[in-house]
Amino acid sequence: MLLDLSEEHKEHLAFLPQVDSAGKLSVSSDAVQHGVEGLTYLLTESSKLMISEVDFQDSVFVLGFSEELNKLLLQLYLDNRKEIRTILGELAPSLPSYHSLEWRLDVQLASRSLRQQIKPAVTIKLHLNQNGDHNTKVLQTDPATLLHLVQQLEQALEEMKTNHCRRVVRNIK
């Protein structure tokens, strides 16, 4: 799987072959900032997708760097990809997870002004876990909206079974 770099990222990385290894860059601070951003993007995306050595070399080869610079970037990637993945994992937001669910169906049969009124409502008490804390959310809706929500969730679950979604989820982990 090759990493697809945008033209902007290619431009940001274009100044790397021109840098003197002695130390002085002789370029503007914007060019340095863009170069660092380009390198950051290259390394984080490659680490995120767990690109193999060969795919990384092919992705960098497209940029037209010298063989020495390609080897240097590959070594930088191989040395730091596990640490980058660890840092990206720590930066990812922690989402709440399902713990339990309680529900109740309330039906209002009449009111003072309307004698034969049927107004159903479903009350759902959702218990969630997040970072060891227990949260409770109370939701109330009518049965038609709940049915629509169930259909949408079932459709999303079916879509998760497709090859494309499986590939995306595999690359995220």
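Biologist: Which pLDDT do local features need here?
Modeller: Residues are numbered from 1 along each chain as its sequence is written, and side-chain values use heavy atoms, with hydrogens and water left out. Totals for chains, interfaces and linings use all residues, and side-chain atom pairs count only at pLDDT 80 or more, while local features in this predicted model need pLDDT of at least 70.

Biologist: How are α2 and α4 oriented to each other?
Modeller: Helices here are DSSP runs of H or I, at least four residues, and strands are E runs of at least two, numbered from the N terminus. Helix α2 (residues 29–48) packs on α4 at about 70 degrees, with the axes 8 Å apart; axes are lines fitted to C-alpha atoms, for helices over the stretch in contact, and angles run from 0 to 180 degrees between N-to-C directions. Angles under 35 degrees count as roughly parallel, over 145 as roughly antiparallel, 65 to 115 as roughly perpendicular and the rest as oblique. So α2 and α4 are roughly perpendicular to each other.

Biologist: And how do α3 and α4 sit relative to each other?
Modeller: Helix α3 (residues 53–61) and helix α4 (residues 67–91) pack at about 135 degrees, and their axes are 10 Å apart. That makes α3 and α4 oblique to each other.

Biologist: Which residues of α4 does α3 meet?
Modeller: Contact means heavy atoms within 4.5 Å. From the α3 side come E53, F56, Q57, V60 and F61, and they meet N70, L73, L74, Y77 and L78 in α4.

Biologist: How far apart are the C-alpha centres of domain 2 and domain 3?
Modeller: Domain bounds come from an automatic or database domain assignment. The protein is split into domain 1 (7–91), domain 2 (95–141) and domain 3 (143–172). Between the C-alpha centres of domain 2 and domain 3 the distance is 23 Å.
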